[in-house]
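Here are my notes for your review. Please read them with the model open.

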Amino acid sequence: MNIVFMGTPAFAVPSLRMLLSEGYNVVAVVTQPDRPQGRKKVLTPTPVKEVALEHGIPVLQPQRMRSPEAVAELAAYKPDLIVTAAYGQILPKSVLDLPANGCVNVHGSLLPKYRGGAPIQRCIINGETETGITLMYMAEGLDTGDMIAQVKVAIDEEDTSGTLFEKLSLAGAELLKEQMPRLANGRVEAEKQDESLATYAPNLKREDEKIDWSASTRDIYNQIRGLVPFSGGFALWNGEVFKVWASRKADKASKDAAPGTVLQLAEQGIEVKTGDGSLWLTRVQPSGKKQMDAAEFARGKTMAPGTVLT
């Protein structure tokens with residue numbers, strides 16, 4: 001059986017490695033084009049491409065999977081099954097119709113909840129305590145295909161998007177491993193999604209990173225951990241971006257003040273007034289600086305109590 005694997009970030013790597021370690025015939029890998037990374041904008045291969053090259057697997061990197069040229073290049077590998085995990089492009093019907101055994105996707109949520117490109121970040125931001133993996137057949141809609149199997153994964157109070165990505169990537173690989181013997185024998189029975197229960201998780205935008213200090217302590221705490229390690233949350237201090245990479249909830253505000261007011265700077269970090277209490281910022285990044293512990297920043301005495309973050 002010829003398998004084509006389609007994926008891009010580190011989330012997809014355990015699923016690809018599982019297929020290879022279990023001896024499945026991965027004839028090609030499709031991933032996003034190399035992108036400039038870091039301050040020096042070095043052209044960098046995707047994590048999935050790196051694994052493919054390690055194993056001598058042909059790599060396809062079309063700018064648009066919808067283009068006739070890309071579809072023809074993929075069809076030349078005669079896939080019986082296409083497995084995707086966080087590939088990053090919606091597949092056209094011309095691709096979905098190629099493999100006799102179908103196209104299956106390892107999706108990072110319990111569908112039909114959190115369809116879309118940022119299910120892991122959004123579930124933390126929204127304060128969920130549970131998520132999971134859905135193995136599904138792909139359809140032309142956005143994560144609307146029939147569900148083959150699911151596994152639940154708990155979201156711990158201290159989880160960030162980074163730690164949850166890792167948990168879910170491993171859970172996805174394990175679920176795919178369990179189901180592959182069935183998928184290799186042809187299409188399997190799958191459950192239709194209940195459209196009335198569908199929710200969406202669109203990709204994050206800059207405005208999703210801006211902290212609204214009038215929100216509750218819990219909501220701001222969840223927002224920050226949902227943005228780590230990818231962007232962090234941010235506020236404005238003296239008109240410049242002041243990033244927040246970690247925080248912890250305070251028992252109660254040490255004093256009354258307007259939301260966004262710095263109440264104190266201490267070894268615990270920076271205490272900031274919220275809509276219903278206060279939040280300790282424990283890791284921050286002033287404009288033009290590297291990330292640092294908030295306690296270290298506080299010792300620099302460049303910010304004083306009474307400062308208002310906006």
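What covers the buried residues of H1?

1. Ground rules. This is a predicted model, where local features need pLDDT of at least 70 and side-chain atom pairs count only at pLDDT 80 or more, while totals for chains, interfaces and linings use all residues. Residues are numbered from 1 along each chain as its sequence is written, and side-chain values use heavy atoms, with hydrogens and water left out.

2. Helix H1. H1 spans residues 13–21 and is mostly covered. Seven of its nine residues are buried (under 20% relative accessible area, 1.4 Å probe, protein chains only). They are Val13, Pro14, Ser15, Leu16, Met18, Leu19 and Leu20. Helices here are DSSP runs of H or I, at least four residues; strands are runs of E, at least two; both are numbered from the N terminus.

3. Its cover. The cover includes strands S1 (3–7), S2 (26–30), S6 (81–85) and S7 (103–107). Helices H2 (47–54) and H6 (161–183) also contribute. Contact means heavy atoms within 4.5 Å.

4. After H1. Glycine 23 follows H1. Its phi is positive, near 85 degrees.

5. Leucine 142. This residue sits in the loop between strand S8 (130–137) and strand S9 (147–154). Leucine 142 is partly exposed, at 40% relative accessible area (the class between buried and exposed, the latter being over 50%).

6. Glycine 306. Glycine 306 lies in the segment after helix H9 (294–299). Beyond neighbours within four places in sequence, glycine 306 contacts Thr261 and Val262. Its C-alpha is 52 Å from that of leucine 16, 290 residues apart along the chain.
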